[in-house]
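Open your viewer and keep the selection tool handy. We will go from one stop to the next, and at each one I will tell you what to pick.

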Amino acid sequence: MDRLDSRHRPFRSVVQARTVLRFGLLLAVALAVGMGYWVISDRRNRLEGAERQSQALVAGMERVLILELRNIERAMRGIASDAAQLMNAVPGQAPALISESIAGVVERHHEIHSIVLVDGKGAALTRGQGDAGFSRWIDSAAHGQGSALRFGPPVEVEGGRWVLPIALPMPDGGNVPPRWLLTRLYTDELQTMVDGLDAGRDGVASIVGPGDVVLARSLLRQPGIIGRHVAGPSPMALSGDTSRITEHTSQIDGLRRIVAVRGLKPYPLQVWAGLSKREVLAPWVAILVVAVLLYLLYWGGLLLMLRAVRRVDSDQREMLHQLQRNSEHLRLAQHTGKVGAWALEHGSGELAWGGDISRMFGLGGEETASLRTLGRHVHAQDRGMLRRRFVSAWRSHSAFSSEFRLVADDGTERWVVARGGVVQDESGIPRMTGTLVDISERMEAMSRVTDAERQFRLIFDRNPLPFWVHDARTQRFLEVNRAASLQYGFSREQFLTMQLRDICPGGLPDTGGSMQGTVTGFESAHVSQHRRKDGSTLQARIHGSEIRFGGQDAWLVLAEDVSERIEYEKELAYRARHDQTTGLINVQTLGDRLDQGQAPGYQVVYLQLRGLQPIRDSLGREAADNVLRTLAGRLQQWADDFGLAAHQPDEDFVLAILHPQRSAAAIEAAIEAVREPIGDSDGSMQRLDARFGLAEDDGSGHRAERIIGNAALAAHALESAAFEISRYDGALARRYSDRLRLAARLRTAIEQNEFELHFQPIVRVADGGVAALEALVRWPQADGSNIPPSDFIPLCEDTGLIVPLGNWVLRRAAQAQAWLQRQGCGDLPVAVNVSAVQMLQVDLPRELEAACTQAGISPGALHMELTETVVMNRPEQGKATMQRLRDAGVSISLDDFGTGFSSMSYLRHLPLSSIKLDRTFVCDVDRDERNASICRALLQLGHSLGLVMIAEGVERPEELEWLRRYGCDQVQGFLLGRPQPLELALQRVQGVALL
């Protein structure tokens with residue numbers, strides 16, 4: 001049989017190698033199909049994502065461009081209407097008046113190169129340059145739906161800049177020759193719309209005009225692009241509201257892009273946005289390379305496995321050959337080793353055995369011995385038993401078998417089993433013969449098993465954790481320990497009459513049937529609910545293993561009570577998902593729930609609470625927390641009706657509206673929840689206010705975290721007070737992005753001394769002399785332009801940079817006054833504007849003293865101009881600081897008076913020298929009766945308090961004359977002098993009356 005098996009083993013090895021090869025080929029095919037599908041799907045998804053991004057860019061550009069052109073069209077229509085009326089009313093003076101009106105519009109709109117009224121041949125009828133080629137393009141000029149604007153070809157003007165001609169027909173009637181209002185729009189304005197778009201490194205965004213001419217392009221890496229003709233889609237392809245998506249190879253840089261094109265309905269322009277196909281697919285190429293490498297690696301592994309299988313087969317054949325040879329050796333060894341033959345002839349008393357028995361058991365080298373000699377080597381406790389069995393077997397001629405211990409000459413003991421029987425030899429003489437086998441190892445093993453069973457019983461019974469053994473098929477309890485009885489309340493006897501379902505109604509993993517099939521599921525830890533005898537329940541973690549018990553399949557189970565641990569874990573999980581003060585879920589949990597797809601198209605309301613910090617400062621944290629919890633309860637009721645509510649410490653809430661169709665009602669309910677006063681422990685009512693930012697899921701796949709951030713950004717963007725709602729849009733994000741970039745530049749600008757001071761005269765009405773010079777900060781740029789103070793001053797206040805900037809202005813103003821003294825104008829003070837942040841956060845009197853000491857002037861040489869905000873935010877601190885300045889000899893003026901909410905009681909006690917009337921009241925005071933009434937009242941109020949009244953923003957002689965007539969003391973404005981560098985300002989005002 002062994003030889004037959006050895007003949008078939010090579011065949012089985014070949015079959016095994018073929019099986020591995022077939023399975024490997026099938027797996028290779030499956031792997032190729034799966035990886036191919038994955039790679040193709042990833043490529044398609046990336047291209048579709050690029051298409052969606054291109055469409056989003058085009059949509060954003062379309063909205064911004066239409067808004068800009070509508071503003072220009074509205075301005076042109078206003079000019080055209082005014083011009084038509086002037087032409088009809090005063091034809092002779094109309095060109096000059098129209099030119100002045102146009103100049104004002106052009107000055108306000110920096111994006112416009114010029115506006116001129118032309119006739120049908122393009123000749124200018126007002127100041128400005130006409131268009132010699134106007135008649136060639138006006139009749140065929142493109143226009144959009146619902147708009148009268150006509151767009152001409154772009155033209156390059158001075159400085160290498162391009163303009164886009166836009167013509168609007170004048171509303172003339174009768175036989176008057178056609179006239180047109182011609183506006184030239186800088187294409188730089190269009191270029192700013194595409195420069196800020198994120199289209200990737202090689203992506204491009206373009207605005208294309210009539211005739212498929214490029215007006216703006218985000219990648220201007222080579223000259224000559226503006227005004228260049230490009231191949232565009234047909235007008236039919238641009239019909240409808242959706243973007244057209246195509247793959248297009250650029251005629252400009254040769255890159256192939258995924259392009260979205262949309263034509264503007266109101267205007268004959270197109271917006272293009274394209275993402276580089278190579279850039280979009282760059283990650284996909286890496287995935288493709290990885291997939292190919294993995295596939296090649298699999299083939300390498302398969303070949304190595306086949307080689308290993310064949311090598312294992314060869315090793316097995318060699319091993320089997322060795323086993324066959326050793327098997328024969330083992331058979332011979334078992335025949336002769338540890339097994340000896342013995343014989344005893346009747347009546348001789350001599351026991352014959354082989355020399356191997358003597359050597360094996362240490363009985364000397366004799367091959368014969370008397371029964372007495374053997375008896376001396378038998379253990380004393382076994383001699384009587386061995387003698388009785390031997391005599392009984394001899395007399396009855398029955399089989400003999402006995403286990404006993406032999407004691408060798410060196411005193412060692414060995415267990416043996418003697419077996420034999422009575423036989424007759426050829427001469428008929430009876431003898432007893434048999435074998436003697438060494439069973440010492442078996443007896444030692446049995447002893448170890450007995451000890452193990454005793455130890456197991458000890459561990460099982462006295463273990464403090466509940467243990468039991470149940471039948472694998474019937475689930476009847478076979479044994480339980482004392483801890484199980486104590487935990488469950490059943491006695492051992494009661495347990496042995498019960499089944500597993502009596503304490504575990506829900507059941508454990510199936511332990512019936514095939515034990516092999518349930519090992520994996522049951523040996524792992526499993527928590528289930530168990531029931532005690534008194535009906536109470538506990539959570540038990542079950543650990544089990546298969547055993548043989550009493551000759552049958554069974555399970556040894558440890559039941560660990562983990563009720564307290566599970567409750568603790570539940571508490572930890574609750575704390576991880578909820579805010580501890582309010583009990584609402586936290587923002588992370590809210591985002592996770594929204595990301596799980598609960599409500600596509602949801603809206604997020606970001607609620608910035610105001611008014612809680614004063615409660616905390618005055619009444620204590622516990623009172624503030626009680627107010628917060630009351631509001632949280634209201635918002636939870638709101639969430640029950642409209643969606644989800646979360647709290648973000650310390651004073652912000654995030655609300656999710658899961659049903660957008662109920663958005664208006666949900667927002668109104670949220671406002672009412674905050675607006676309603678909240679009672680505290682002492683019976684008083686606390687009022688809170690809040691700002692609300694709103695953002696919505698537009699289906700673009702953004703995570704909830706981003707939607708929440710958009711809503712927060714909208715709330716932060718609010719500048720007004722309570723209960724106003726700001727809706728997030730792309731323009732808001734761009735504004736904040738611009739603010740962040742500008743804020744990053746501010747600190748560097750302060751450190752590198754990029755700011756300048758310009759000075760504007762404040763003139764006395766009585767004699768026309770200059771009473772003071774007001775220092776105004778300017779931020780010039782490398783291109784010659786200036787960033788307006790209205791852009792960077794509020795940003796400095798928000799970022800805290802107003803303090804170093806204000807200190808710089810204070811030092812430079814002191815130096816300027818010192819220079820004025822050296823020029824002989826020592827009695828001409830310099831007025832400095834001080835922000836609320838600067839006055840409340842730093843020691844302003846000390847800073848002023850340091851600046852004056854450094855410049856070598858007295859503090860009285862500088863005047864301080866403060867806004868009402870300084871006084872109203874912290875009146876006591878503001879009043880104390882103002883008194884210290886007044887004691888130092890500084891004149892203090894209250895700036896922008898009347899625009900805030902100043903209290904007359906504060907005004908009466910403030911150490912002021914003068915009050916400045918805000919420009920909003922001074923504007924058109926001679927012809928606006930309401931402004932005139934306000935100014936008269938304020939002038940009378942200021943004079944009654946003994947204060948000098950200063951009017952700012954005076955730009956017309958009529959306004960100046962009105963102020964003079966009603967007793968205004970000093971004036972300031974463009975009519976009297978624009979802000980200029982100190983040297984120029986001094987040249988203008990030195991020795992010359994400005995009135």
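Start by selecting helix 19, residues 704-716, in this predicted model. Its 13 residues reach 18 Å from the first C-alpha to the last, close to the 18 Å expected at 1.5 Å a residue. Colour the helix by burial, and Ala704, Ile707, Ile708, Asn710, Ala711, Ala712, Leu713, Ala714 and Ala715 come up as buried.

Now zoom out to the whole protein chain. There are 31 helices and 38 strands to find your way around, and 44% of the 995 residues are buried. The chain exposes about 52,500 Å², with carbon and sulfur atoms supplying 52% of that area. Of the contacts between residues at least 6 apart in sequence, 56% join residues at least 24 apart.

Next, pick glutamine 760 in strand 30 (residues 756-764). Glutamine 760 is buried, at a relative accessible area of 7%. Show its polar contacts: its side chain meets that of glutamine 972 at 3.1 Å, and a polar atom of the glutamine 760 side chain lies 3.0 Å from the backbone oxygen of glycine 977. Other residues that glutamine 760 touches include Ala772, Leu773, Phe974 and Pro979.

Time for the salt bridges, of which the structure holds 30. Begin in helix 1 (residues 2-89), where aspartate 42 and arginine 46 are about one helical turn apart because they are four residues apart. Their side chains meet at 2.7 Å, N to O; aspartate 42 is buried at 14% relative accessibility, while arginine 46 is partly exposed at 26%.

Then select lysine 277 and glutamate 247, whose closest N and O atoms are 2.9 Å apart in a salt bridge. Lysine 277 is in helix 5 and glutamate 247 in strand 8, so this pair ties together parts 30 residues apart in sequence. Lysine 277 counts as buried at 17%, and glutamate 247 as partly exposed at 33%.

Move on to arginine 548 and aspartate 553, another salt bridge at 2.7 Å. Here arginine 548 is exposed at 55% and aspartate 553 partly exposed at 38%. For your last stop, select Asp924, Asp926, Arg927, Arg956, Glu958 and Glu959: salt bridges with shared partners join these residues into one network.

Key. Residues are numbered from 1 along each chain as its sequence is written. This is a predicted model: local features need pLDDT of at least 70, side-chain atom pairs count only at pLDDT 80 or more; totals for chains, interfaces and linings use all residues. Side-chain values use heavy atoms; hydrogens and water are left out. Helices (H or I, at least four residues) and strands (E, at least two) are DSSP runs, numbered from the N terminus. Buried means under 20% relative accessible area, exposed over 50%, partly exposed in between (1.4 Å probe, protein chains only). A polar contact is a pair of N or O atoms within 3.5 Å; within protein, one must be able to donate a hydrogen and the other to accept it, and residues adjacent in sequence count only if both atoms are side-chain atoms. Contact means heavy atoms within 4.5 Å. The expected span of a helix is 1.5 Å times one less than its number of residues. Accessible areas come from the Shrake-Rupley method with a 1.4 Å probe; for residues, only the protein chains shown count as cover. A salt bridge is a side-chain nitrogen of Lys or Arg within 4 Å of a carboxyl oxygen of Asp or Glu. Lists of a residue's contacts leave out its neighbours within four places in sequence.
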